[in-house]
Amino acid sequence: MRRFGVHVSIAGGFPKALERAHALGCTTFQIFSHSPRSWQLSGIPEEEARKFRSEREKLGLDPVFIHACYLLNLSSENTDLREKSVWMLEEEMKRADIIGADYVIVHSGRAATDGEDDSGANILFMEAVKSVLGTGAKNKKENKKKKKFRAGLLLENTAAAPAPNHPPESIKMLARMALETGAAGICFDTCHGFASGYDITASDGMQFLARQTQGVEVRLIHMNDSRGRLGSGLDRHEHLGKGGIGLDGLRNFLGFGPPFRDVPLIMETPKKKEEDDPMNMRTARELLSGKKTHSET
Ligand SMILES: [Zn+2]
Ligand SMILES: [Zn+2]
């Protein structure tokens, strides 16, 4: 069966995240490597990293994803913030290598939105990513030889609204940026995609989306429902089946073939109640097994 799971907390140490993920029935999961709203970092004790790696192996949790800190803005025009963001993303990559996580996910910031006036931001973003990955050399072979990190970097789409009267293009831009920077691929967030104008609830919408990912690997799907409507530009995640995408919309998305087939799914759905994660895990399992799910309202 396709691998799926949720974002879990590392409170109490990295090995605790494994326990949480396993208890929920996850086969893959995502974490923050530190408080996502702080520039402060503390080291990861070798013993803790070793325990994480061996326990993870035992539990068969794979792949493991780290979501980069929310404060990053790799396309900021503020040089200080941009440099700090490059430093932080490098730290996230190092931390991934220390605990043996497979991928780090970073939002494209203000970049990869539609409209020409963002090309400057896109260039800043790509320069920053290349500097983190050490892929700035003109010769692509040279870049591969000097691979700085074992973990791969994934670029995630944002919820930016499409330009008025214009079909969405942010995924095309994201794919291009991943290819040009030497990132390992992209992470497609269903809530962000829907909010940025991609109608994943319709089969022609999926075909349109798939065409824009050409040439790039989709390595992760953030499977979230969306509180906002199609093209709303709102980054408001909702429980599976309870937002604008809905169960039928999610079924349409999951039923679509390459490049999305078999890609691991992680939910970043609201966690207000103890019951929330188990409920979304249940819905995901039902959606994946093709069983009839019913939306509880
Ligand atoms: Zn996401
Ligand atoms: Zn989001």
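# Helix packing and a parallel sheet

Helix 3 and helix 4 (residues 119-133) pack with their axes 9 Å apart, at an angle of about 40 degrees. Helix 3 and helix 4 are therefore oblique to each other. The model is predicted.

**Helix 3 with helix 4**

- The crossing of helix 3 and helix 4 is right-handed.
- On the helix 3 side, the contact is made by Arg-82, Ser-85, Val-86, Leu-89, Glu-90 and Met-93.
- Helix 4 brings Leu-124, Ala-128, Ser-131 and Val-132 to this contact.
- Sorted by class, the contact of helix 3 with helix 4 has six nonpolar, two polar and two charged residues.

**Helix 4 with helix 6**

- Helix 4 also packs with helix 6: their axes come within 9 Å and cross at roughly 35 degrees.
- The crossing of helix 4 and helix 6 is right-handed.
- Helix 4 makes this contact through Asn-122, Phe-125, Met-126, Val-129, Lys-130 and Leu-133.
- The partners from helix 6 are Met-173, Met-177, Glu-180 and Thr-181.
- The contact of helix 4 with helix 6 divides into six nonpolar, two polar and two charged residues.

**Helix 1 with helix 2**

- Helix 1 (residues 14-23) and helix 2 (residues 46-59) have their axes 8 Å apart and pack at an angle of about 20 degrees.
- Angles under 35 degrees count as roughly parallel, so helix 1 is roughly parallel to helix 2.
- The crossing of helix 1 and helix 2 is left-handed.
- Helix 1 takes part with Phe-14, Pro-15, Leu-18 and His-22.
- Helix 2 takes part with Glu-48, Lys-51, Phe-52, Glu-55, Arg-56 and Leu-59.
- By class, the contact of helix 1 with helix 2 has five nonpolar, one polar and four charged residues.

**The sheet**

- Strands of a sheet pair through backbone hydrogen bonds, either parallel or antiparallel.

- Strand 3 (residues 64-67) and strand 4 (residues 103-107) run parallel and are joined by three bridges.
- His-67 has Ile-105 of strand 4 as its bridge partner.
- Strand 5 and strand 6 also pair in the parallel sense, over three bridges.
- Leu-154 has Gly-185 of strand 6 as its bridge partner.
- Strand 6 is largely enclosed by the rest of the structure, because five of its five residues are buried.

**Helices on the sheet**

- Between strand 3 and strand 4 there are three bridges.

Definitions and conventions
Residues numbered from 1 in each chain as written. Chains lettered and ligands numbered in written order. Predicted model: local features only at pLDDT ≥ 70, side-chain atom pairs only at ≥ 80, totals over all residues. Pairing = 2+ DSSP bridges. Helix = DSSP H or I, 4+ residues; strand = E, 2+ residues; numbered from the N terminus. Axes fitted to C-alpha atoms, helices over the stretch in contact; angles between N-to-C directions. Parallel < 35°, antiparallel > 145°, perpendicular 65-115°, else oblique. Left-handed = near helix turned anticlockwise from the far one by under 90°. Contact = placed C-beta atoms within 7 Å. Nonpolar A, V, L, I, M, F, W, Y, C, P; charged D, E, K, R; others polar. Buried ≥ 20, exposed ≤ 12 C-beta atoms within 10 Å, placed from the backbone.
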